Structure formats: structure tokens, C-alpha cells
Amino acid sequence: MAERTTRGHVLTARDVPLGGPRAMTVRRTLPQRARTLIGAWCFADHYGPDVVADTGGMDVAPHPHTGLQTVSWLFAGEIEHRDSLGNHALVRPGELNLMTGGHGISHSEVSTAGTTVLHGVQLWVALPGEHRHTPADFRHHAPDTVRVAGAEIRVFLGSLAGDTSPVTTFTPLLGAELLLAPRAVVTLDIAPDFEHGLLVDQGEVRMSGTPLRPTELGYLGTGHGTLTLTNETDAPARAVLLGGTPFEERIVMWWNFIGRTQADIARARDDWTTGDRFGVVKGYDGDPLPAPELPNVPLKPRGRVR
């Protein structure tokens, strides 16, 4: 959907099925026509709270990635991650799982049998050109909770409120979960050379004067040294703050791949279909996801809004 100029820079979500024939529905705020990137953040899916007994939970068969990093962050539930590097890990609330696709990796994501409610975000980071073929990798980090007046903060990437994540990124980034106390007004120091996005999960939050409802993503451009957030409700509000220096490269995004040209995407698709570039995910009960057909129209590179 288009950016709402009448309420500041607000991006609204659209519903998208995730993961083949057993798809669950997610709410996607990035990318869209109005904005492809916030820093190097290029993809944001928000899901739940889903009652697994009703929805079936998450069951995403092995699928490939290139040219990006995946960031998994949960509020509730548990997801089993398996990848072609041999990693077998659990995604739990308040713990970061970051997977670097680089030249190529494949993985599966399945909510565990003990999960009754599934709720979280799945985010992607575009790798810059000089690093987009970097070797595949996987990292886990459980950040401490930082308490400031009116808020609890977990910094999973970058730095905020005096805390810094040890996880390496290929461009300057910020990723943090914020839990705002009822009616709290919180002002945070932010990097003025970053642009920022605030994805509201629960509550109603005013971001530097712009009101945001649940599932909406507010945007703030560069040039700001502070960010003021106001919880407009009598209950706790939760949001995810994303930031980074503007990503100046134009990218082509299609299915699970990020490249610079249509030829990059076609090569990755062929390699998934016929080659061994992405390895094998062991331990998943089922077949890998087949690649969809490429569209008949050219894939156009897109970049940040200036």
C-alpha cells in the first residue's frame, strides 16, 4: 500500500502467505512501492499472536537465500531452525538468530510441538555489493534487558541506550525491541546519520509526533539526534526499532534472493533447481520448496526513497 502522507511517514501492512502449501499468513510492511529500504533493512514480516491449534503454526520447508541476512525475533512461541551448514537451533522470545545467506544457504523453519501461541517478526538485511557473496554463516545472541525511565529495551543489533550487540553486520545497523510502560514518554539518543523505522506490535505509539497503530511502520529520516516515543495507552506498548545508514545501492528482490540484476536472480533460481550451491538441510520431514517461475516482465532494480 502507498505511504500515508496525511499521517507522516507511515507504512501500512499487507497480508501475505508465507511458505508454500502449508502457508501461514504474515503482515508485510517492507518492501513496498513507497519504500524498499530503511538502512539496509529490506524486508519486514510481522505475525501473530497466532493460536497454533487454529492456524497450524509455522512450517516452512527448506528454501534458499542469497545476498542477504535473515533476522528472526520472537515475542512468544518457539521455532526450530535447521540449515545447510548443519546448524540446528531454536528461536526463542528475546533471543536473536541471524543467518547470513551470502553466496548461498538454505534453511527450514518449523514451530515446535510445545508452541501454543506464535508471535514475532522475520526481517531481512540486504548485503552490500562487496559482501553479497560472503560465505554463509549463523549467529545466536540473547541480549540483556536495558532499563531506562519508562521502557525496557533489548538491543539485538547495533547500539542503543548504552548497550551494544556483539553480532557483526556488514553495514551500520540498529535492531531493538522496546517495551514502553503505560503512558510513558521516552526520549532516546539515536545516530543522526541513521534513518529509522518503528514497527508497532501492540498498543498505540506516537513516534516524534506521528501516531502509529499496531502493525504500522513509522519512518524517520536522517538528521535526528533523538527519538521521542509516547505510549498513548494505559497498557504496555511494544515495538521494534530498526535503523541504519542509508543503503545507496539499488537491489533486485525476488522470492528469497537479493541480487543487482535479473541475471543474478535467474542464476540463483537455476542453482536452487539444479545445482548444489545451497547445500542440503538435514532433519526436515518433507521436500524442499520448489522455486516459482520467473515473471514474464523484467525485474527492476529498486533503491531507497530520496
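Student: How far apart are the mean positions of the positive and negative charges of the chain?
Tutor: They are 6 Å apart, for 28 positive and 34 negative charges. Lys and Arg count as positive, Asp and Glu as negative, while His and the chain ends are not counted. Each charge is placed at NZ of Lys, CZ of Arg, CG of Asp or CD of Glu.

Student: OK, and what should I know about the model?
Tutor: This is a predicted model, in which local features need pLDDT of at least 70, side-chain atom pairs count only at pLDDT 80 or more, and totals for chains, interfaces and linings use all residues. Residues are numbered from 1 along each chain as its sequence is written, and side-chain values use heavy atoms, leaving out hydrogens and water.

Student: How many helices and strands does the chain have?
Tutor: The chain has 2 helices and 26 strands. These are DSSP runs numbered from the N terminus: helices are H or I with at least four residues, strands E with at least two.

Student: How compact is the chain?
Tutor: It is as compact as a globular protein of its length, because its radius of gyration is 19 Å, close to the 19 Å that the globule rule gives for 306 residues. The radius is taken over C-alpha atoms, and the rule is 2.2 Å times the number of residues to the power 0.38.

Student: Which strands pair with β23?
Tutor: Strand β18 (residues 185-189) is one of them, antiparallel to β23 (residues 226-231) over 5 bridges. Strand β20 (residues 205-207) also runs antiparallel to β23, joined by 3 bridges. Pairing needs at least two bridges found by DSSP between the two strands.

Student: What stands opposite leucine 227 and leucine 229 in β23?
Tutor: Leucine 188 stands opposite leucine 227, and methionine 207 stands opposite leucine 229.

Student: New topic: is tryptophan 124 buried or exposed?
Tutor: Tryptophan 124 is buried, at 5% relative accessible area. Buried means under 20%, exposed over 50% and partly exposed in between, with a 1.4 Å probe and protein chains only. This residue lies in strand β11 (residues 117-126).

Student: What does tryptophan 124 touch?
Tutor: Leaving out residues up to four places away in sequence, its contacts include Trp41, Phe43, His65, Met253 and Trp255. Contact means heavy atoms within 4.5 Å.

Student: And which residues is aspartate 163 in contact with?
Tutor: Apart from neighbours within four places in sequence, aspartate 163 contacts Asp144, Val146, Val155 and Gly158. Aspartate 163 is in strand β16 (residues 163-164).
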